[in-house]
Structures are given as C-alpha cells and as structure tokens.
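Reader: Please show me the model. I would like to go through its helices and charged pairs.
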Amino acid sequence: NHNSVLRMPDMDSDEIREWCNVARRRYYLRPRYLAYKLLQQLRHPSEMRIRLKLGNLYAQQLREPARARAHYLKLLELDPQHAQAMGIRLWLEANP
C-alpha cells in the first residue's frame, strides 16, 4: 500500500495508485529480474537481510549514522536494485 505524489490531470488518485501497482508488478515479476534476485539470494543468502536490519538499527534506534551508512552501502553494493534502494539512497544523501 502506498500513496503517490504524482498529479495527473486525466487520472484521479485511485487510478494513479492502480497504475503504480501495475507498473510495480510488471517490473518485479519480470523473468530476468526474478532470476537475478534468485541468483543473488543463492550467493548471499542472509547478508543482505542482515545489512538492512543493522543499517536500520543504527540509523533509527541507536542514532549512529556512520555505522548505518557502512551497512547501507554494503547492501547497495550487494544489491543495487534492492526493494528499498531508493529510500536508502535518499537517506545516504541526507546523512553524508
């Protein structure tokens, strides 16, 4: 579930939300992307999940941005297309 910041004169907010949902499904369900993610999980089965959890812990609860940054950067190195990559990149920009 998400909200969009897009405004389009010919679409109401429900139509934009549905359009975004369809686009997201088309992107994440592409055979090439699924194969890439599967191969990635086989190579690094738990490291990406751990990096995300540690980054979140340091950023949100312990307020140690330098340590969070290190984990987020490693996660993006392992998986530049991670589902949360955009949010992580925005956080990294805001916390140089």
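Author: Some questions and answers on this structure follow.

The model is predicted: local features need pLDDT of at least 70, side-chain atom pairs count only at pLDDT 80 or more, and totals for chains, interfaces and linings use all residues. Residues are numbered from 1 along each chain as its sequence is written, and side-chain values use heavy atoms, with hydrogens and water left out.

Reader: At what angle do helix α3 and helix α4 pack?
Author: Helix α3 covers residues 47-61 and helix α4 residues 65-78. Their axes, lines fitted to C-alpha atoms over the stretch in contact, are 8 Å apart. Angles run from 0 to 180 degrees between N-to-C directions, and those over 145 count as roughly antiparallel. α3 is therefore roughly antiparallel to α4, at about 155°.

Reader: How far apart are R51 and E47 in helix α3?
Author: Their side chains meet in a salt bridge (a Lys or Arg side-chain nitrogen within 4 Å of an Asp or Glu carboxyl oxygen). The N to O distance is 3.5 Å. Along helix α3 the separation is about one helical turn, because R51 and E47 are 4 residues apart.

Reader: Is R51 buried or exposed, or in between?
Author: Buried means under 20% relative accessible area, exposed over 50%, and partly exposed in between (1.4 Å probe, protein chains only). R51 has 22% relative accessibility, so R51 counts as partly exposed.

Note on methods:
Helices (H or I, at least four residues) and strands (E, at least two) are DSSP runs, numbered from the N terminus. Angles under 35 degrees count as roughly parallel, over 145 as roughly antiparallel, 65 to 115 as roughly perpendicular and the rest as oblique.
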